[in-house]
Amino acid sequence: MSERWAPPVFDKEKILKYDRPGPRYTSYPTAPYFHEGFGAAAYAAEVDRTNALENPAPLSLYFHLPFCRSVCYFCGCNVTFTKDRTLGDVYVDHVLLEMDALASRMKPGRKVVQIHWGGGTPTFIPAPTLRRLWEGIRARFDLAPGAEVGVELDPRAVTEEHLVLFREAGFNRISMGIQDYDPEVQKAVHRIQPQEMTEGILRRCRDLGFESINVDLIYGLPYQTTARFAQTVDKIIASGPDRIAVFNFAYLPDLIGHQRAIPKEAMPSPAEKLSILEMVVEKFTGAGYVYIGMDHFAKPGDELCVALKERTLYRNFQGYTTKAGCDLYGVGVTSIGQVGRCYAQNRKELKAYQDAVHGGGLAVFRGVALSDDDVMRRDVITRLMCHFVLYKAEIEREYGIGFDATFGEALRELAPMQADGLVSLHDDRIEVRPLGRLLVRNIAMPFDAYLRRGGEAKRFSRTV
Ligand SMILES: C[S@@+](CC[C@H](N)C(=O)[O-])C[C@H]1O[C@@H](n2cnc3c(N)ncnc32)[C@H](O)[C@@H]1O
Ligand code: SF4
């Protein structure tokens, strides 16, 4: 078996040695470098430039549907908490307006290969309103045959009408938030979600014929222990989803007010968290799941595994994807797009977003234009994060540089990691070894020119 998709090797000592704050590289430059100097006009110019290209990239569309009925204390997502479901109608009206502004700039014939509805809780919005949104998308954009269309489901907030709508509309991917089945953990995070309810929705999704089902778990939640979380992991393995995300709990009570409702003393210690992670990796890989990369596992036949082997896997704001090379348009409040050589984020407050699109405008308020150096480093970091191998000649050909001369400093920084068995540095390539798989962002960080400029790492969460 190639080392590249062999299960990661877990070495507590090494993990502790390298544990430090670092970016998760869903973008490069990372979000702290987005700035308000790049606004709606700069974004519109890049949208127009890329639509004037002879062969524009395929399209990927992300829709942010921000509402949730009640707060999960761990949540770090961009959410509007409300019990008023009519807000969904008004919101969808505005999303349609934003789509009008975008669609009018699209070169005719561009095909959409990927659509994702995320949140918040998309199904907080009643099914008839979501149908209106879907029809609005179809009226404005051309869907490629076989396009990947997915939605995030909270099992507590989904109806049969929603599921039937998604299936009829042609959605083929479901992503479901579970987090932890343990009743005490659920109580502590204010998210009561009985196992029977979740498994019922899972079974119903299978019966309806959705091609791929993903579930989200979080490790590091209050009252979790290795033994208790192992029970959740066993139950998940028994229900056999196609993909599993196990996120490291980003606990930032100073920044996220509702996280302060979690009793500090209930948080697992760093040693316990490590042991939970070890158990998670052992159990899922032991059950036949392939470790795709940061936090993600998939069944061996899943296209993410195929893409890992074929070196076509890509990483963006939605995590790992097989759809590399797309222009990703973010639609809706707070959503982030990656179009041509820029990243752009929409306004974060609901009213400000709705006001911006109301007048027919775009709602971008910050972003960043990529330099040639950014584009090249993003490629290097993406290859390391997604393929666990980087062939120097491919970068040299693509960017007309000498790899060792350009990245000498990064290579020197990787030398101790080679000595520790995380990475192997060959004349022609860099390979992430099984011991380095859980530390892949540490291996990417030496190539990050922004970190080099100093002191910024504190803005990021820790590696494990
Ligand atoms: C945007 S949420 C949407 C899912 C849906 N609303 C639900 O909760 O079922 C996507 C996922 O982000 C993860 N998540 C949310 N807050 C997090 C945090 N602070 N740290 C790590 N993961 C988090 C959860 O696993 C959640 O399922
Ligand atoms: S985890 Fe999901 S349901 Fe809970 S508050 Fe966050 S977005 Fe809403």
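**View 1. Glutamate 196 is exposed, with 7 C-beta neighbours inside 10 Å.** A residue is called exposed if 12 or fewer other C-beta atoms, placed from the backbone, lie within 10 Å of its own, buried if there are 20 or more, and partly exposed in between. The model is predicted: local features need pLDDT of at least 70, side-chain atom pairs count only at pLDDT 80 or more, and totals for chains, interfaces and linings use all residues. Residues are numbered from 1 along each chain as its sequence is written, while chains are lettered from A and ligands numbered from 1 in the order in which they are written. Glutamate 196 belongs to helix α7 (residues 195-208). Helices (H or I, at least four residues) and strands (E, at least two) are DSSP runs, numbered from the N terminus. Tyrosine 181 is 15 residues from glutamate 196 in sequence, and their C-alpha atoms are 10.0 Å apart.

**View 2. Three strands form an open antiparallel sheet in the order β17-β19-β18.** Two strands count as paired if DSSP finds at least two bridges between them. The edge strands, β17 (389-391) and β18 (423-425), each pair on one side only. From one strand to the next the twist averages 10 degrees. Axes here are lines fitted to C-alpha atoms, for helices over the stretch in contact, and angles run from 0 to 180 degrees between N-to-C directions. Three antiparallel bridges join β17 to β19 (residues 429-432); valine 389 has glutamate 431 in β19 as its bridge partner.

**View 3. Helix α12 (residues 372-387) packs on the sheet and touches β17 and β19.** Contact requires C-beta atoms, placed from the backbone, within 7 Å. The direction of α12 makes about 140 degrees with that of β17. At 1.5 Å a residue, the 16 residues of α12 should span 22 Å, which agrees with the 22 Å between its end C-alpha atoms; the expected span is 1.5 Å times one less than the number of residues. Buried residues of α12 include Met376, Val380, Ile381 and Leu384, and also Arg377 and Arg383. Just after the helix, phenylalanine 388 has a positive phi of about 60 degrees.

Conventions:
Contact = placed C-beta atoms within 7 Å.
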